[in-house]
Every structure is written in C-alpha cells, then in structure tokens.
Amino acid sequence: MIDLFGNKIVDKKKLEDWFIVPPFSILNSASKEWQNKKKTWMLKINDKAQVRQNTLSRCGHEPHSKNWQFMAIKGDTTSILDPVMCEIILSWFTNEGFKTLDPFAGDAVFGFCSAYKNRPFTGIELRSEQVEFNQSLIDTNNLNGKYICDDSLNIDSYVEDNSMDFIFSCPPYADLEIYSELENDLSNMSYDDFFKTIEQILQKTIKKLKENRFAVIVMGEVRHKNTGVYLGIIPKIIQIMCDAGLHYYNEIILQTPIGNLHMRAGAYMSNARKIGKQHQNILVFYKGNPKKIKEHFKSLKNESTDVE
C-alpha cells in the first residue's frame, strides 16, 4: 500500500495478532483478555467438571497437607484445563488437519478445542462416566473426536505407531486429586508405581507420533504427602520423554490466577517456608530433526509484514 506521498505503508501488527498471545516463555492466564476469551470457550464447551464433583483432594489444593476431603471441583480452574492455553498450544505446534492424541484425556476441554479447530482428536480415559460425558459434547457439536474408555497401557490396541501428528496430555498430578477408586488409576498409586506406570504409557504413546512432530505435556510439581518435599515430577517427565528419543524443545510457564492463594500463602510461608504455587509447567518436546520444523509447519505470520 502506498500513501499520498508515494511512501510504502507497512502494515504493522502486534504479536497478539499473529500468535493469539505473545510467544514468550510465560503465559499470563490472569489477564482480562485471557479471561474473556476463556469465558467464550467455556460457554462453547460446557464442561464444568460435572462428572468430577466428588473428586477426593488434599485440602486447599496446595500439596503439602496430609488431610483429605471430598470437595466440589465445579468451577475450579486448577482441575479443568484452560481452553485458551489449549488453543494457543494447538496454534503454535500443529497445523490444521493434524491428528491429535491424549493418553490421559480427563476432562473434555482439550479434545473439544482440538476437534473444534479442525484437528481430529483421539483420547483415552479410564473413567467411563467421563468418556460418556466427553463424547456427548463432541457428538452434540458434530466434531471429529473420539474418546476410548480403557487403561492407556492398552493404547496399542487402538492407535497405530507413527499415525499421530501431535501428542498432548495433562496427566494426573500424582495423588494431588484422587479421581476414582479404580486400581489402575494413576492417582491411586504409590509414588513409585505412579512413575513406573506413567513412563510405560508415555513410551507407548510416543511411538504413535510421526517424525518431525511436537508433543506437549502440562504438569505441575506435587509435594510428598508425608514429608512435604517436591516429588520432582517435572525433571522425571523430561527424562522419560528424552530417553524415548524426543528433544526437550521449549519450557513454558502458565501463570494461573491468584484466586484465594493470597489467603493461604502467608500460612505456607510462615509455618513451613513453602511458596504459594501460582503456575503450571508446559513442557514442549520434538520428535525428529528440529532443523526441519520450517518444512513441516506453516508460518504463523507473513514474514514481509513488520511485527511490533
């Protein structure tokens, strides 16, 4: 475009215009813009954790207490995936038409977002009531998604090797929340069994991923219910993925809303010198040659246009 004086007009756009949010290592989900976008998504999805209202959780959500209580998870943002985060991850690390896989499907959010954004979805979930609810949302909205009710250790029975374009999962945070009384529920296992089982499942799942594709794991650290020290979930997950042949490619921090953390953080620090946790970790891995990413993923911006 040329102005009246014959000068070229450069169409300047902000990073948000190209990438939904600036592609920085910290994502602020507490911002007004993010929360407005989240409300729009949640109205579409209509998953308010209806099938998880009797989840058994440690008191206060901060993984340091030995006490447990039944609590209504409904509306609790720590227990339901953030759809804006899902939209961002799908936009950054997949192309339209990519087939996505989640071996710990849980709530309906990622599967819905993936299918809604034209990324056909397959998810495996242990709890039949959750599978039925999730599938009903997919079917009601005529989306391309499928939930399978089974133990993810049996993933080979449902998904062929090298058939998926993207792996996403937010596995149970050890025993921070107990989702069911099923023996093979990860949240019911001892810490040793938890790590052994999640390693087996992730190893099987990675084989389903094509070459030159991304995998994303969303996790948060959890404290040992007796000692109060961190279990080291994040470094263990990174090691599992790297041992399976993936490259640890990006580290992203999802800054979560404070909520009532300000009411609890003082006691945590005063009594035990524990920091109030206000983030989750988004771990991004790549299978294949990182130098070929540009060959397999479309540009997210017009490189001839300046970005502010």
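**Close-up views of a predicted protein model**

The protein has an accessible surface of about 15300 Å², and carbon and sulfur atoms hold 50% of that area. Accessible areas come from the Shrake-Rupley method with a 1.4 Å probe; for residues, only the protein chains shown count as cover. This is a predicted model: local features need pLDDT of at least 70, side-chain atom pairs count only at pLDDT 80 or more, and totals for chains, interfaces and linings use all residues. Residues are numbered from 1 along each chain as its sequence is written, and side-chain values use heavy atoms, with hydrogens and water left out.

View 1. Helices (H or I, at least four residues) and strands (E, at least two) are DSSP runs, numbered from the N terminus. Of the 308 residues, 49% are buried. Buried means under 20% relative accessible area, exposed over 50%, and partly exposed in between (1.4 Å probe, protein chains only). Take the contacts with a separation of 6 or more: 73% of them join residues 24 or more positions apart. A contact means heavy atoms within 4.5 Å.

**View 2. The largest nonpolar core has 72 residues.** A nonpolar core is a set of buried Ala, Val, Leu, Ile, Met, Phe, Trp, Tyr and Cys residues joined through side-chain atoms within 4.5 Å. Met85 and Ile282 have the most contacts inside this core. Helix α3 (residues 83–93) gives the most to it, with eight residues. Another core, of six residues, lies apart from it; Leu101, Ile124, Val159 and Met164 are among them. What does Ile282 touch, leaving aside its neighbours within four places in sequence? Its contacts include Leu27, Met85, Ile89, Val216 and Leu254.

**View 3. Helix α7 (residues 233–243) has a buried side.** Its buried residues are Ile233, Ile234, Ile237, Ile238, Ile240 and Met241. They cover an arc of only 160° around the axis, so they sit on the same side of α7. The arc is that of the directions from the helix axis to the C-beta atoms. An α-helix has 3.6 residues a turn, so residues three or four places apart point the same way. Cover for the buried residues of α7 includes α6 (191–206), β9 (209–219), β10 (247–255) and β11 (279–287). The exposed residues Pro235 and Asp243 are on the face turned away. Gly245 follows α7, with a positive phi near 105°.

**View 4. Ile20 and Asn142 have a positive phi.** Most residues other than glycine have a negative phi. Ile20 has a phi near 75° and lies in the loop between α1 (15–19) and β1 (26–28). Its relative accessibility is 25%, so Ile20 counts as partly exposed. Asn142 has a phi near 55° and lies in the loop between α5 (128–140) and β6 (145–149). Asn142 is exposed, at 72% relative accessible area.

**View 5. The disulfide count is zero.** A disulfide is a pair of cysteine sulfur atoms within 2.5 Å. Cys149 is partly exposed, at 40% relative accessibility. Cys242 is partly exposed too, at 30%.
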